[in-house]
Amino acid sequence: MADIAKLVEELSQLTVLEAAELAKALEEAWGVSAAAAVAVAAAPGAGGDAPAAEEQTEFDVILTGDGGKKIQVIKEVRAITGLGLTEAKTLVESAPKALKEGVNKAEAEEIKKKIEEAGGTVELK
């Protein structure tokens, strides 16, 4: 069990990009996809009874404003989304607007932190 705890600790320190690369590498190595695993886990009767109030696992990251630091926020939006300059500028100017949808809690928190450090405001839903 100590090895598992150490592995979890090491994986927790990965950046979002590193985690995505790891997931892709594992999918290729094992010949499965994360989407297929989720579908099996969500199938009726898989894993017994679900708790009445499940913890939210997917979040939408909504940019709510640029906080007067439009250029810095645009730079972060480009880095997070991979959008071009014009698309990122349009997204920031049309806030509130979704930056990323259906991301896990760790990635959502990381995106929120980066946007807030740049001067913008973010809401997680």
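Of the 125 residues of the protein chain, 17% count as buried, where buried means under 20% relative accessible area, exposed over 50% and partly exposed in between, with a 1.4 Å probe and protein chains only. This is a predicted model, in which local features need pLDDT of at least 70, side-chain atom pairs count only at pLDDT 80 or more, and totals for chains, interfaces and linings use all residues. Residues are numbered from 1 along each chain as its sequence is written, and side-chain values use heavy atoms, with hydrogens and water left out.

**Whole chain**

Colour by secondary structure. The protein chain has 6 helices and 3 strands; helices (H or I, at least four residues) and strands (E, at least two) are DSSP runs, numbered from the N terminus. From the N terminus on, the order is α-α-α-β-α-α-β-α-β. Among contacts between residues at least 6 apart in sequence, 66% join residues at least 24 apart, a contact being heavy atoms within 4.5 Å.

**The sheet**

Select 59-65, which is strand β1, then 97-103 for β2 and 121-124 for β3. These form an open sheet of 3 strands in the order β2-β1-β3, with antiparallel pairing. β2 and β3 stand at the edges, each with a single partner strand, so one side of each has no neighbour in the sheet. The twist from one strand to the next averages 20°.

Stay on β1. It pairs with β2 over 4 bridges in the antiparallel sense, and β1 pairs with β3 likewise in the antiparallel sense over 4 bridges; two strands pair if DSSP finds at least two bridges between them. Show Val61: its bridge partner in β2 is Lys100, and its bridge partner in β3 is Leu124. Leu63 has Lys97 as its bridge partner in β2. β1 is mostly covered, with 5 of its 7 residues buried.

**Leu99**

Next, select Leu99 in strand β2. Leu99 counts as buried, at 9% relative accessibility. Which residues does Leu99 touch, not counting those up to four places away in sequence? They are Val61, Ile62, Leu63, Val77, Thr81, Leu91, Ile111 and Ile115.

**The α4/α5 pair**

Select 70-81 for helix α4 and 85-93 for helix α5. Two packed helices are described by the angle between their axes and the distance between the axes. Here the angle is about 120° and the axes are 9 Å apart; axes are lines fitted to C-alpha atoms, for helices over the stretch in contact, and angles run from 0 to 180 degrees between N-to-C directions. That makes α4 oblique to α5, since angles under 35 degrees count as roughly parallel, over 145 as roughly antiparallel, 65 to 115 as roughly perpendicular and the rest as oblique.

Show side chains for the contact: Lys70, Val73, Ile74, Val77 and Arg78 of α4, and Leu85, Ala88, Lys89, Leu91, Val92 and Glu93 of α5. By class, the contact has 7 nonpolar, no polar and 4 charged residues. Ala, Val, Leu, Ile, Met, Phe, Trp, Tyr, Cys and Pro count as nonpolar, Asp, Glu, Lys and Arg as charged, and the others, Gly among them, as polar.

**Glu107**

Finish at helix α6, residues 105-118, and pick Glu107. Is Glu107 buried or exposed? Glu107 is buried, with a relative accessible area of 17%. Leaving aside neighbours within four places in sequence, Glu107 is in contact with Val16 and Lys100.
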